[in-house]
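Me: I am new to this structure. Please show it, and then let us go through some questions.

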Amino acid sequence: MNRFDFTPYRRSTVGFDRLFDLLENNARAQQTENYPPFNIERNGDDHYRITLAVAGFKESEIEITAQQNFLLVAGSKDSDENEGKQFLHMGIANRNFERRFELADFVRVDNAILRDGLLVIDLVREIPDAMKPRKITINSGDDNVTKIDHKPKKSEDKAA
């Protein structure tokens, strides 16, 4: 059994539907999708790196698309590149691919490099200043108290 049942968690949580859908979709995709192989590294608190093994692909044959919470890496080889060749054994997978990665909020692609058959994509999580924890200063109660003047106004003095 390769699937995990999230039903008990769905019944007792509110607002986590996207997370459970993400986990279920990812489990389904991993059963069918294993090319190209990749690594995901964490290089510090807010720095990540995805490395894909894309041997045989040129920069012009790889497309990286970054959207909000989503990264798509696609490679397409020219189908007639191997035309006319007679292979005795073909073990190098030179087929088209599409690899999808779900990104957390505020994660953006910082850099992408293709070197030695490895596509390296650096990611950075940048939390906006408004969402970062901040220290609140506490003012003393005396500073904000408005003083009330109990002296009668001049018009009241003449009436008396």
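Predicted model: local features only at pLDDT ≥ 70, side-chain atom pairs only at ≥ 80, totals over all residues.

Me: Which residues are linked with Arg108 and Asp110 in a network of salt bridges?
Reply: A salt bridge is a side-chain nitrogen of Lys or Arg within 4 Å of a carboxyl oxygen of Asp or Glu. Residues are numbered from 1 along each chain as its sequence is written, and side-chain values use heavy atoms, with hydrogens and water left out. The network of Arg108 and Asp110 also holds Glu126.

Me: How many residues apart in sequence are the parts that Arg108 and Glu126 tie together?
Reply: The side chains of Arg108 and Glu126 meet in a salt bridge, at 2.9 Å from N to O. Arg108 lies in strand 6 (residues 107-115) and Glu126 in the loop between strand 7 and helix 3, so the parts they tie together are apart in sequence by 18 residues. Helices (H or I, at least four residues) and strands (E, at least two) are DSSP runs, numbered from the N terminus.

Me: Is Asp122, the salt-bridge partner of Arg49, buried or exposed?
Reply: The closest N and O atoms of Arg49 and Asp122 are 2.6 Å apart. Arg49 is partly exposed, with a relative accessible area of 28%. Buried means under 20% relative accessible area, exposed over 50%, and partly exposed in between (1.4 Å probe, protein chains only). Asp122 has 15% relative accessibility, so Asp122 counts as buried.

Me: Which residue has its backbone oxygen 3.0 Å from a polar atom of the side chain of Arg99?
Reply: Arg99 is found in strand 5 (residues 97-102). Arg99 is buried, with a relative accessible area of 7%. The backbone oxygen at 3.0 Å from its side chain belongs to Pro36.

Me: In which element is confidence lowest?
Reply: The mean pLDDT of the chain is 82, and 80% of its residues reach 70 or more. Confidence is highest in strand 2 (residues 47-53), at 97. The lowest mean, 55, is in helix 3.

Key
pLDDT = per-residue confidence, 0-100. Polar contact = N/O pair within 3.5 Å; in protein donor to acceptor, adjacent residues only side chain to side chain.
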